[in-house]
Amino acid sequence: MDFNSHADAIVRVAVGLVNELTPGERRGRAFPLPRELAAAAAEGLRTGYPNHREVTEGEAGELVEIAARLRRVFDAVATGDIDAAALQVNGLLEETRARPLLDRHDGEPWHLHFHGPGGTMAGDWAASCATGLAIVLGSEFHDRLGVCTAPHCDRVYVDVSRNGTRRFCGTACQNRVKTAAFRARGKVP
Ligand SMILES: [Zn+2]
C-alpha cells in the first residue's frame with residue numbers, strides 16, 4: 001500500500017526542476033542555464049507529471065527562481081546539514097502559504113494538492129515542492145535527498161532504493177565513475 005504516491009510525484013518534480021533549471025555541471029560537462037527555458041521547465045515538471053502542459057516563458061522564469069531555492073535544500077542535505085534544509089523548506093512553506101486541499105480533475109481520483117491561495121502556476125509548484133520536500137525531511141528518510149557525487153556533476157536525486165545507497169544522479173554518472181576507477185586500477189604498478 002502506498003499512501004503517498006502524490007507526494008512521491010511532487011518530490012520527483014522538485015528533482016526535475018533543479019536538474020533542468022539550475023546551472024552547474026551535468027555528467028562531466030558544464031551545464032549553463034538552458035536557452036529554451038520554457039521547454040526545459042516543462043521537461044522538469046514532466047519528471048513527476050508526464051502529462052504536464054506546456055509552460056510559458058514567464059512561468060519558466062519564475063520556476064528558475066524556485067529551482068534555485070529548491071537546490072539549496074538538496075545541497076544542505078548532501079552536506080549533512082538537515083537543520084539548514086529544514087529552515088529553507090520552512091521558509092518556502094511560509095512564503096507560498098502552502099496548504100493541503102483535496103482536488104479532483106482530469107479523471108483522477110481525489111488527491112491532495114498543496115497550493116498556495118490563488119497563486120500562479122509556478123507559485124503553486126513552489127508550494128507543492130516545498131511540501132513534498134517537507135514530507136521527506138520530516139520522515140525517517142530525511143537523508144534521501146542527494147547531489148551526484150561523480151566528478152563534474154551536481155545534478156540532484158531522491159534515493160528511493162531499499163537500503164539508501166544511491167550516490168549518483170543516474171546510470172551515466174555511475175558508469176563514468178566505475179570506468180575511471182577501473183582505469184585507475186589498471187595504472188597501479
Ligand atoms: Zn551525475
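**Salt bridges and a zinc site**

Biologist: Which residue does Arg69 form a salt bridge with?
Modeller: Arg69 pairs with Glu95, and their closest N and O atoms are 2.8 Å apart. A salt bridge here is a side-chain nitrogen of Lys or Arg within 4 Å of a carboxyl oxygen of Asp or Glu. Helices are DSSP runs of H or I with at least four residues, strands are runs of E with at least two, and both are numbered from the N terminus.

Biologist: What sort of model is this, and what was counted?
Modeller: It is a predicted model, where local features need pLDDT of at least 70 and side-chain atom pairs count only at pLDDT 80 or more, while totals for chains, interfaces and linings use all residues. Residues are numbered from 1 along each chain as its sequence is written, and side-chain values use heavy atoms, with hydrogens and water left out.

Biologist: Back to that pair. Is Glu95 buried or exposed?
Modeller: Glu95 is exposed at 57% relative accessibility, and Arg69 is partly exposed at 22%. The cut-offs are under 20% relative accessible area for buried and over 50% for exposed, with partly exposed in between (1.4 Å probe, protein chains only).

Biologist: How many salt bridges does the rule give?
Modeller: The count is eight. One of them joins Arg53 to Glu59, with 2.9 Å between the closest N and O atoms. Arg53 is partly exposed at 42%, whereas Glu59 is buried at 14%.

Biologist: And what does Arg71 form a salt bridge with?
Modeller: With Asp154, at 3.7 Å between the closest N and O atoms. That pair links distant parts of the chain, since Arg71 is in helix 3 and Asp154 in the loop between strand 5 and strand 6, 83 residues apart. Arg71 is buried, at 10% relative accessibility. A network of salt bridges links Arg71, Asp75, Asp154 and Arg155.

Biologist: New topic. Which protein donors does the zinc ion have?
Modeller: The SG atoms of Cys148, Cys153, Cys169 and Cys173, lying 2.2 to 2.3 Å from the zinc ion. Donors are N, O and S atoms within 2.8 Å of the metal (3.2 Å for Na, K and Ca).

Biologist: What geometry does the zinc site have?
Modeller: Tetrahedral, with angles of 107 to 115° among the four donor atoms. Four donors get that label if all angles lie between 85 and 135 degrees. Along the chain the donors follow the spacing C-x4-C-x15-C-x3-C.

Biologist: Are Cys153 and Cys173 buried or exposed?
Modeller: Cys153 is buried at 7%, and Cys173 is buried at 0%.

Biologist: What does UniProt place at residues 144–185?
Modeller: An unreviewed UniProt entry places the feature "domain: Zinc finger CGNR" there; such annotations may be inferred rather than shown by experiment. Over residues 144–185 the chain is 36% helix and 14% strand, with the end C-alpha atoms 30 Å apart.

Biologist: Last one. Where is Leu112, and what does Leu112 touch?
Modeller: Leu112 is in strand 4 (residues 111–113). Leaving out residues up to four places away in sequence, Leu112 touches His6, Pro100, Leu101 and Leu102, where contact means heavy atoms within 4.5 Å. The C-alpha atoms of Leu112 and Pro100 are 6.2 Å apart, with the two residues twelve apart along the chain. Leu112 is partly exposed at 36%.

Conventions:
Tetrahedral: all angles 85-135°; square planar, octahedral: opposite > 155°, others 65-115°.
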